[in-house]
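Please consult the sequence and the structure shown below while reading.

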Amino acid sequence: MQAAVFPQAVKQWPSPIARLSELAANLWFSWNHEALALFAEIDAVKWAASGHNPVRLLQDLDESQIVALSNNTEFTERYRRVMDTFDSYLNGKTWFQDKYADRSYVQIAYFSAEFGFHESLPIYSGGLGILAGDHTKSASDLGIPLIGIGLLYKKGYFTQKIDASGGQQSELYPYDFTKLPIQPVIQNGEQLTVSIAMPGRAIALQIWQIQVGRNRVYLLDADHASNQPADKELTAQLYGGNQDTRIAQEMVLGIGGVKTLRALGVYPNVYHINEGHAAFLTLERLKELLQLGLPFHSAVETVRSATVFTTHTPVPAGHDTFSIEMVEHYLGPYLQELSRHKQQIVTLGLDHHTGQFNMTHLAMNTAGMRNGVSKLHGQVSREMFKEFHGHIDASEVPIGSITNGVHMDTWTAPQWKELFDRFLPGTWREEQANKHQWQQIEVIPDESIWSVHQQLKEDLIRFARQNLLEQRKRNGESEERIQEVRKYLNPKALTIGFARRFATYKRANMIFNDLYRLKKLMNDPDRPVQFIFAGKAHPADYPGQELIRDIYRVSQMKEFAGKIVILENYDMNMARYLVQGVDVWLNNPRRPLEASGTSGQKAAMNGVLNFSVLDGWWEEGYNGTNGWAIGSTGAADWAAQEKENTQAIYHILEKEIIPLYYNQGALPHQWISRMKRSIQSLSPVYNTHRMVQDYTEEAYLPTAERARLFVVNHYDVATKVADYKQFIRNNWYHVKIIGIDDRSAKLSTEVPLAEMKPTTKEITAQVHFGPIWPQDTAVEVVYYEEHAGDWKQKIVSMEPSGELTDQLQSFKATIPGHLVHGPHFSIRVRPISANFAHSFELSLVTSTLSWQ
Ligand SMILES: *Cc1c(COP(=O)(O)O)cnc(C)c1O
């Protein structure tokens, strides 16, 4: 096989700048502005031509340029400063080392189908990937021992062009991996490969690595010489191809990913499945354990103890599903050695309603910890997956939530960082999740804030004009049409940004529902308003592409020319310009379909005000003074919701946003004060440092500890848990609640509720357990209490009283005096264990009421 070419192998670097290629090979450069500026300074033209890719930049330099650089003391001085910062970053003490010095055994493997680190590494399509990239970066900053596993897409995600009729053209180019900030993993002088079984053949996967600060991400690539031509294409495109490509890709990621870890000698105690795509990793782990001779249920418990699953999709239709036949076909050869367990394995992913194999079901059934990505999305997920846990209230479904954030150093403009350096405590970066220090924003002079903001807006407008210019040139438009974009967009006008994937639920063209009203509000000569749109629609998403066409059509109308524009090829580079340069960030998805959303968080960090439907993160982020909320909390029917939201958008623009923005003398002080409130309240919360700290403390540490416990003494605890569950399942039918003494029942039916005093009373119940130990259960009273119009479930545990006789045990509890069994409260029994990850691991609940 062909040896990969490293940048350092191409040229001999003179010693004063010998480590430039090392810097280029670590994605740390992507969030360090001095490093980025250093590369830009080497050769601005080649830097731009490389797509901000330092590896390519260095390869493209002439010998003479390299010699000149090494003799340029001003440059070598800057280089040395950057390298010092780099070295102290890599060797410095971290949050994790500091706080969890005793947890050196923790090892996390984070699996994701996409990672968005930087525009120079095109292995992401949108929010999910950027979240994974930001997660990895913060893990590095905080010293969290995390290894990423992903796929290396030969052709990445498509490049978008918009033609002269607003149509989206998608183009794919094969990347030259030797020119990306990635390197082959070399073992015994060759690139490491792993192999996975597919119907009728094995596929070889070659392994690459990227260095993300302190942490590594391994990428799998099917474009190996020994594979059949069709198999080489398996990892060609992100979210490309049909269902067959999809399932094969997911096998590469999950199964190949675990094999890669093993080939590297890595045995993590936490496996994080970032969205269902990666859930096959649990099958490979099951297989390993079954081949060791573990019984099936003990193997499942072992896998579950070490798995964390994050779901990102609030609609059932958005989850990855495959037909059972397809799963049996693709996994057939893989499962051959485990044919005894084939049915059990397939059942782990079976959705009983649709008869399909559902990757989210597989993840739900094999992950001890699960979470959604905002508080609201956690709630939606608990409703959606309620059936996994029997008859319990949705609020008790064991799916938590950890709200997404963004990587502050990546997304905040250098000019803002300079202000923070000057006015915030020196620890603002490391302790960005500390609310207290952000109060200091108050002392930054309004002039400084406005001048930074205005500068970033001008940068954006320049960038946007250039993008439009290239669009029109390429589309062969008239010279007049090409030149007129130089006057497009007014740096003094209130500028509203809308950029994200053009999925239909995001309703990108909603603002056009009443063009007449829009025209009026935009075209007041004293108070002009303009809009910048951008985003890609998936090539198979025709309704999404219609949205682009529609925005383009409106942008060409005489009254909107130069005031509504749509830019092409939204990527991380453009995203930075937009979230740093507009005044207002508009977001109007159908609620509750935006699980979190993150672009608004990027905007908030840069003093851009959010104007958004109360969905995803904004429902918890909005506090009444740090931006604007659109509409009510959401009508159930889509048409009604859209009508309501549209009215709200125009109304708030006309009555609040535009007047506030234009209420300025020399400076719009009230607007700036809102910017300050936005940064103060949102920056400390919606960053990935806070998020990854939450993942560490709520999910990774407890998971690592359980995983360790489960495997000691030949999987002793895993086996005990499995046996215990089996025993409880087999005998649960014995459990019956037979006698309830509800002493004041008569009284409370006679006295009207309103007249009753808040007294308490004692109730008793008898439970028949059969062979089950009462200690292995919890007996509880369940009732509902009204809180501000909402009925909240209340749980009171019942204490045993007296002796266990004839498998019967009495329990008692004290509850509010007016409650009557039946109409007001019920009693339930559920199995418990100290080794369960959560209270409803077994979906067995015996209750005195069936309506629950
Ligand atoms: C942040 C980002 C996204 C995600 O934005 P949402 O508002 O969450 O949809 C998508 N694409 C790019 C390029 C981004 O930078």
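A polar contact is a pair of N or O atoms within 3.5 Å; within protein, one atom must be able to donate a hydrogen and the other to accept it, and residues adjacent in sequence count only if both atoms are side-chain atoms.

## Basis of the report

The model is predicted: local features need pLDDT of at least 70, side-chain atom pairs count only at pLDDT 80 or more, and totals for chains, interfaces and linings use all residues. Residues are numbered from 1 along each chain as its sequence is written, and side-chain values use heavy atoms, with hydrogens and water left out.

Oxygen atoms of the ligand are placed 2.7 Å from a polar side-chain atom of Lys506 and 2.8 Å from a polar backbone atom of Thr598. For Ser599, a side-chain N or O atom lies 2.4 Å from a ligand oxygen. The protein covers 95% of the 390 Å² of accessible area that the ligand has on its own (Shrake-Rupley method, 1.4 Å probe).

## Composition of the shell

The ligand is surrounded by 14 residues, each with a heavy atom within 4 Å of it. Helices H9 (127-142), H25 (572-581) and H26 (599-605) each supply at least two residues of this shell; helices are DSSP runs of at least four residues (H or I) and strands of at least two (E), numbered from the N terminus.

## Gly739

Gly739 belongs to strand E24 (residues 736-742). Beyond its neighbours within four places in sequence, Gly739 contacts Thr764, Ala765 and Gln766 (heavy atoms within 4.5 Å).
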